[in-house]
Amino acid sequence: MTDLPPAADEPTAVDATPTTRRHSGGALFVSIGIFATKVFGVVRQSVLAKYIGSNATADALNAAIRIPSLLQNLLGDGAMSAAFIPLYVRLRANGDEDEAGRFAGAIFSILVLIVTLLVLLGVLLTPQILPLIAAGFKGEKRALAITFVRILFPASGLLVMSAWCLAILNSHRRFLLSYSAPVVSNLTVILALLWFGRRQDLNALAHTTAWAGVVGALAVFLVQLPYVLRLVPHLRLSFDTSRPSVRSAIRNFVPVGISRGVVQLSAYVDQLISSFLPDGMVSLLAYATTISYVPVSMFGMAIAAAELPEMSSVTGTEDERARQLRERLNAGLRRIAFFVIPSAMAMLVAGDTMSRLLFEHGHRFSAQDTIFTWSILAGSSFGLLAGTMGRLYSSTFYAVHDTRTPLAFAVVRVVLTSVLGYVFALPLPRMLGIDPHWGGAGLTLSFGVAGWVEFWLLRRGMNRRIGRTGPPASLMIKLWGSAIVAGAVAFGAKMALASQNKMIAGTIVLVGFGAVYIGATLVTGVPESTVLLRALRARIGGRATASTKR
């Protein structure tokens, strides 16, 4: 158990062990915020599928949405949290609020300068960038994508600024606001689609949707900013890179940003490959990702985000800190497995039910589109658990100020995803003589294979630092067994209700799946299931008591 970073003077701090216990519910608030955001995100994609569908225009818009997000992922989200939060938390833990404010202001100022320059370059060089990302787009499809990318690049810059707000809020354990703020962006796009959906033709509506995305990104930043200013009264904007904390953040940011970029490179390789698939596949991949990313965000991202500031403030001797990290990591992995394993099984056996409920509305999204979306979800289910648990392992590395190890493993993942993604998506369907649309499932399957390799590397690396980690085999057997039983019941119900109304049938299938899974985990004695039911009873009882008092 070596290489844990030295703890600075460890006074009785705002982030010491009692605080850790007090904020043990942080993941719950992250989950609630992400749940709200994802619900509105799913609704947004559902409305998008209804009015824009899966076609060349939809492909151009969905590709454009992903291309500028490279900037957001390089400088925002996980990169910002990993480089900023451990240092900011430590400054506050040592009682240096003034230095923490100056540090936060310097990082914000530097980000504004970098983002402004990159957005300008992105807008100017879009025609040169597009072939690197969507080389398969030709003619009008390519022209539309260029236009949409130029519209959306400023939105990515605004979202980077929002990520700075998120890092501040998370450091102060204000998880609910930071992760629910994107609801505003989704709501903006939804309202634009509903208002203009029947008033504009397809291309005009796609342009309106892109502009709505920019307005929504600005709203997300403005919603968080007032709370950040109240939390950081000593905030001072400057370009002071001479401060040790700023220099440390920049040093940490480079490998984390590269690591995030490498991971995103994998997604862009997928998009590059999918651009050579038939029209509509880029859109179907985007719609399927909306579903598959819900458990990753709600459980992997939620737990990883909540644990990062807690792990970063762990104190004590080297062995004691290793023990605390190991306990927090293992507890988080158990919670992830409890929720993500059934999510993967549900996508595998009932992905068509999900797609039909969410996207198959109107004439722009067909029954065949639902089948192809299901195949993409089935491919995604293979690596869902590995990718989700891998997020928590990466956060643990960041908490011990090691940003380079996750980067090295991310490179391995990208190489595997690129090679396998190309083979599975393009040559393999041709060799098998099947419809090239099935190449979308090959892409997500390759991502899963690479995700398991990365997870194994992350786990092995962390085990060398803090000791053996990971959920026990007995728990995994119970969880997978319960998910298989629930999946079999759900599949049978789906077949029996095939001729019924899709809303009624879908609700029965999915609710039934969840009920059987919870029942099976209770019977097999999975502690997380009992804890979940107790929490639900407490909340229901609390609301009933409050209602009685009123």
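Reply: Let's start with a term: helix axes here are lines fitted to C-alpha atoms over the stretch in contact, and angles run from 0 to 180 degrees between N-to-C directions. This is a predicted model, so local features need pLDDT of at least 70 and side-chain atom pairs count only at pLDDT 80 or more, while totals for chains, interfaces and linings use all residues. Residues are numbered from 1 along each chain as its sequence is written, and side-chain values use heavy atoms, with hydrogens and water left out.

Me: Thanks! At what angle do helix α8 and helix α11 pack?

Reply: Two packed helices are described by the angle between their axes and the distance between the axes. Helices are DSSP runs (H or I, at least four residues), numbered from the N terminus. Here α8 (residues 139-171) and α11 (residues 202-231) pack at about 10 degrees, with axes 8 Å apart. Therefore α8 is roughly parallel to α11, a label for angles under 35 degrees. Their contact has 25 nonpolar, 6 polar and 1 charged residues. In that count, Ala, Val, Leu, Ile, Met, Phe, Trp, Tyr, Cys and Pro are nonpolar, Asp, Glu, Lys and Arg charged, and the others, Gly among them, polar.

Me: Now the charged pairs: how many salt bridges does a search of the whole structure find?

Reply: Side chains of opposite charge can pair when their charged atoms come close. The term salt bridge requires a side-chain nitrogen of Lys or Arg within 4 Å of a carboxyl oxygen of Asp or Glu. The search finds 13. One of them joins R243 and E99, with the closest N and O atoms 2.6 Å apart. This pair links distant parts of the chain, 144 residues apart: R243 sits in the loop between α11 and α12 (244-274), E99 in helix α6.

Me: Which pair is separated by about one helical turn?

Reply: That is R323 and E320, because they are 3 residues apart in helix α14 (residues 318-358). Their salt bridge spans 2.2 Å, N to O.

Me: And K494 and D352: are they buried or exposed?

Reply: Buried means under 20% relative accessible area, exposed over 50%, and partly exposed in between (1.4 Å probe, protein chains only). K494 counts as buried at 7% relative accessibility, and D352 counts as buried at 7%. Their side chains meet in a salt bridge at 3.2 Å, N to O. K494 is in helix α19 (residues 473-496) and D352 in helix α14, 142 residues apart.

Me: Which residues are linked in a network of salt bridges?

Reply: Look at D59, K141 and D279, which are linked in such a network.

Technical notes:
Helix = DSSP H or I, 4+ residues; strand = E, 2+ residues; numbered from the N terminus. Parallel < 35°, antiparallel > 145°, perpendicular 65-115°, else oblique.
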